[in-house]
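Biologist: I would like to learn how to read the bonded and charged side-chain pairs in a model such as this one. Could we go through them together?

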Amino acid sequence: MQTMAFAIKEINERSDLLPRLRLGFDIRDSCDVIPVSLRASLLLVNGHPERSTVNTADGGKGLRSNSNVSHLGCADVRRTVSPVIIGDAASGVSMALLRSLGSFQIPLVSYFASCSCLSNQREFPSFMRTMPSDAFQIRALVRLVSYFGWTWVGVIGLESDYARFAIQLFLQESVQYGVCAAYTHFYPVSLNQQALDELLDVIQMSSSKVIINFCSESEMQSILQEIRHRNITGLQWIASEAWSTASSLWAEFGDLLTGTLGFAIRRADVIPGLKQHLISIRPSHIHKSAFLAEFWEETFNCRLNGSVNTHSHSGDPYPDRKPCKGTEDLLDVYTSYSDVTQLRVSYNVYKAVYLVAHALQDMSECISGQGPFSNGTCADPKSFQPWQLIHYMKCANFSALGERVSFDQNGDPVAYYDLLNWQRRSDGSVYLAKVGFYDDSSRDGHSLVINDSVIQWPVGKQTKASRSVCSDSCPPGFRIARRKGEPICCFDCVSCAEGEISNETDSLECSRCSDDTWPNENRNVCIPKTMEFLSYHELMGIVLCIVSVLGACISLSVLAVFFIHKDTPLVRANNMELSFLLLLFLAVCFLVGLLFIGEPSDWLCRIRYPAFGISFALCISCLLAKTMVVLVAFRSTLPGSNAMKWFGPKQQRAIVILATAVQVIICVIWLLSSPPHANNNTHYHSSTIIMECVTGSEVGFWCVLGYIGILACMCFLVAFLARKLPDNFNEAKFITFSMLIFFAVWITFIPVYVSTAGKYTVAVHIFAILASAFGLLFCIFAPKSYIIILKPEKNTKKNMMHR
């Protein structure tokens with residue numbers, strides 16, 4: 001009330017603001033009760049103010065054009081109505097006033113009503129406020145609890161429009177930040193013992209120790225008394241702006257409220273001249289003000305002569321008090337009345353008065369023909385309609401004590417809150433420390449600023465915020481699994497599936513690693529997969545290399561022995577040209593095994609299979625030609641047979657070339673259509689990339705193997721037919737054994753090849769090549785080499801012709 005009177009006095013003394021107008025006021029007591037408030041507001045707007053004016057600091061406030069109300073006659077009073085009302089403090093009372101005054105279109109400017117419901121301009125078109133809407137406070141509260149990781153909070157509130165809408169908004173906004181209400185509980189305005197017991201039972205039964213309370217300081221006082229009675233400790237209170245700066249709670253409940261966090265509306269560092277205005281009152285000034293009279297008598301414990309203080313009293317309320325001396329001075333005592341360190345609500349009142357003044361100033365500066373109303377008309381500042389004033393008020397944009405004041409389309413100011421922390425000094429006193437702020441005009445993500453290091457927490461020497469969660473956080477490597485029918489904050493942690501990771505806490509989903517990476521043991525990082533191929537440096541590769549080289553050396557050694565003894569009967573009897581060619585390509589077959597070792601590449605893959613296929617086709621073709629020559633040679637000795645002329649040296653070469661050419665053609669078609677190529681197989685083994693040669697065309701691969709099998713079958717058949725020829729000239733039984741080994745190796749190879757992968761497939765492939773090549777080498781050439789080297793006496797024509 002005093003701030004309003006001071007602001008009006010300050011405006012009236014200014015020459016730059018409303019120089020041709022003077023503002024007046026009439027103050028009515030709403031008693032924070034709707035019927036009383038309605039009666040007072042109707043008196044203000046219909047021009048019938050009472051002779052004796054009762055004033056309070058939290059009542060409905062109005063502006064009018066003359067302050068000397070007590071000297072006005074009845075006719076004058078009827079003509080002097082209030083075109084704007086500043087008030088009420090409570091949201092519920094403000095809503096009742098707006099619904100009653102709607103037909104009058106009287107602007108109502110509240111300095112403390114914060115319910116978001118009042119932002120509905122369709123329902124309340126004449127409402128404005130210098131208090132931010134709860135929609136902004138709720139947004140700030142949700143971000144606050146989310147900032148400290150409090151996802152499981154209790155929400156309680158007074159059974160009122162203010163708390164009901166605030167809690168509803170909180171529940172809606174909290175979903176976006178993963179914050180859940182452990183419980184919501186409304187308690188009545190009249191907090192009897194039953195209501196307190198119900199409330200405290202809910203608080204004690206919950207696992208959440210963080211509580212947001214939407215109420216005023218009077219309700220909070222009753223709750224704290226019962227908490228002390230039950231000896232409940234360790235609660236983290238989050239204060240709504242309605243009681244976040246309630247100094248009346250400090251003295252008695254400072255120990256329970258230490259560590260409390262809450263948002264408070266913007267504070268003015270100083271309103272110049274206000275403190276002097278507050279302490280300048282004297283008994284002579286307050287005889288006709290019930291509010292000031294009661295304040296003076298309570299402060300100095302004296303009785304004013306002719307006091308109008310009849311509040312809850314009758315007759316002489318204080319017969320034992322001595323009369324006031326008239327020399328009392330407010331400078332000699334400390335009262336919250338003269339404490340201007342927390343100018344928050346008072347600052348809102350100050351801005352509300354200046355809002356009306358600037359609206360009237362804009363109205364007075366209107367140029368006829370360019371006005372905002374029909375046909376460009378302007379309103380007369382000395383005689384205007386309330387709806388005309390509303391227009392200018394909603395367009396107001398001015399500066400108050402250095403702060404820019406403007407309003408959005410809902411009549412709400414830009415939201416700014418100080419984040420306060422209730423801290424205890426070493427002497428035991430409690431004070432409010434600013435530990436951050438919320439500025440809704442800042443870009444998203446930077447609207448809330450908190451200095452964690454200066455926050456004092458409720459529990460002892462605690463240096464960080466306590467935990468308040470329904471379920472512990474899921475660490476990286478796990479994901480959240482919702483519990484059916486429970487709030488989103490209650491969940492289980494499930495390990496990421498194979499091939500997936502999560503690298504954040506409380507991940508909702510696990511992400512799959514790329515084809516060339518795999519999760520580490522903790523499943524929180526994708527690491528490169530192991531590259532697998534048969535290397536020259538590992539034991540298996542070294543052994544196979546040695547065996548391959550050894551086989552090639554043995555083949556070449558046998559070839560050298562045969563070449564050195566080429567003129568001996570045993571060598572000449574075994575078709576030297578085909579034997580030399582066979583030994584040479586057996587050496588090649590052994591060396592082909594080396595091509596399968598090492599990191600595969602496209603060109604290497606295209607050499608591996610066709611070299612392999614052609615080498616074996618040529619070797620078996622040589623065996624086939626040798627066997628056919630022996631068989632035909634003995635059959636041609638029969639009378640009348642001239643078959644030998646068809647199996648001379650030229651025909652033998654033709655058989656080898658023709659049989660090999662078929663395999664070459666198959667390989668060429670394979671290479672041209674769908675050749676073998678290198679491939680990184682990421683699917684066979686989850687944590688390993690198998691570097692392999694794929695056949696490209698499966699048909700081509702099996703055609704190569706199949707053709708070798710056909711040649712082997714033909715060779716086996718011819719050798720079988722030649723099994724009864726004389727031993728000294730007969731290689732058929734050795735060829736038969738070699739073909740049996742060949743079949744055994746490659747028939748075994750097929751299922752093993754199909755069922756293995758990676759370097760083991762390559763090893764199986766090399767083993768098949770080496771085993772079949774060694775089978776051919778030893779079965780066919782070992783007996784002959786034995787005789788040539790160790791039994792030379794048997795390598796004679798006489799011995800050869802003995803049988």
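**Reading side-chain pairs**

Modeller: Let us start with one cysteine: Cys-470 is partly exposed, with a relative accessible area of 25%, where buried means under 20% relative accessible area, exposed over 50%, and partly exposed in between (1.4 Å probe, protein chains only). This is a predicted model, in which local features need pLDDT of at least 70 and side-chain atom pairs count only at pLDDT 80 or more, while totals for chains, interfaces and linings use all residues. Residues are numbered from 1 along each chain as its sequence is written, and side-chain values use heavy atoms, with hydrogens and water left out.

Biologist: Which residue does a disulfide join to Cys-470?

Modeller: A disulfide is a pair of cysteine sulfur atoms within 2.5 Å, and Cys-470 is joined in this way to Cys-490, with an S to S distance of 2.0 Å. The link is right-handed, with 105° about the S-S bond. Cys-470 sits in the loop between strand S17 (448–450) and strand S18 (478–482), whereas Cys-490 is in the loop between S18 and strand S19 (491–495), 20 residues apart; strands (E, at least two residues) and helices (H or I, at least four) are DSSP runs, numbered from the N terminus. Cys-490 is buried, at 3%.

Biologist: What is the handedness of the disulfide between Cys-496 and Cys-510?

Modeller: The torsion about its S-S bond is about -80°, so the disulfide of Cys-496 and Cys-510 is left-handed. Cys-496 counts as buried at 1% relative accessibility, and Cys-510 counts as buried at 12%. The structure holds nine disulfides.

Biologist: How many salt bridges does the structure hold?

Modeller: Side chains of opposite charge can pair when their charged atoms come close. A salt bridge is a side-chain nitrogen of Lys or Arg within 4 Å of a carboxyl oxygen of Asp or Glu, and the structure holds 22 of them. One of them pairs Lys-351 with Glu-403, the closest N and O atoms being 3.5 Å apart. This pair links distant parts of the chain, with Lys-351 in helix H12 (residues 345–364) and Glu-403 in strand S14 (residues 403–405), 52 residues apart.

Biologist: Are Lys-351 and Glu-403 buried or exposed?

Modeller: Lys-351 is buried, and Glu-403 is buried as well.
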